[in-house]
Amino acid sequence: MNHIAQFVAETVVAVFMVLPVVAEAGPRSHVLVEDGALALLERTLKHDGVYTHRISLDCVTYGTEETTQAYFQFVLRENHNAKCGGDPETNPVVDRYRVYRRSGKIERLERIKDSWGPYNPAEIK
């Protein structure tokens, strides 16, 4: 009987030691804020080189178009200035993206279909 009580006590202690780690690793610990979502999008676009042959990422600006409990929606626009060229009175849209707060999943607006689809760098290049 003494061994059972010791086992139960050790198990309870082990559970209480592991609980904070499990709670910390839950889905709320990785919820993106706006700056983090934008940084994730920028890193992903640079890493995948989706605009390498189209426009320098130094010549785009990012803007937040929509913020919901589920995602941030960003617009990429051409930056027209002396360095990048173009008419400084215009800044055409390059693409629109959504970055989901909890998962970090990225979607891209498919303009022809007028619907959101999964981010697929091969389709953008």
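Two strands count as paired if DSSP finds at least two bridges between them. In this predicted model, β2 and β3 pass that mark, with seven bridges joining the two strands, which run antiparallel. One spot to look at along this pairing is F74, which stands opposite Y97 in β3.

On to the other partner of β2. Strand β1, residues 60-67, is also joined to β2 by seven bridges, and this pair runs antiparallel too. The two form a hairpin, with three residues between β1 and β2. Within this pairing, G63 has V75 of β2 as its bridge partner. How buried is β2 itself? Six of its eight residues are buried, so β2 is largely enclosed by the rest of the structure. As a general point, side chains in a regular strand alternate between the two faces of the sheet.

Now for the packing. The largest nonpolar core holds 20 residues, and the members that touch the most others are L41, L45, Y51, Y97 and V99. Two or more core residues come from each of α2 (34-48), β2 (71-78) and β3 (93-100). Among the contributors, α2 gives the most, with four residues.

L41 makes a handy way into this core, being one of the members that touch the most others. Which residues does L41 contact once its neighbours within four places in sequence are left aside? The list runs to Y62, F74, L76, Y97, V99 and I106.

Terms used:
Residues numbered from 1 in each chain as written. Predicted model: local features only at pLDDT ≥ 70, side-chain atom pairs only at ≥ 80, totals over all residues. Heavy atoms only, no water. Core = buried A, V, L, I, M, F, W, Y, C linked by side-chain atoms within 4.5 Å. Buried < 20%, exposed > 50% of the residue type's maximum accessible area, 1.4 Å probe, protein only. Contact = heavy atoms within 4.5 Å.
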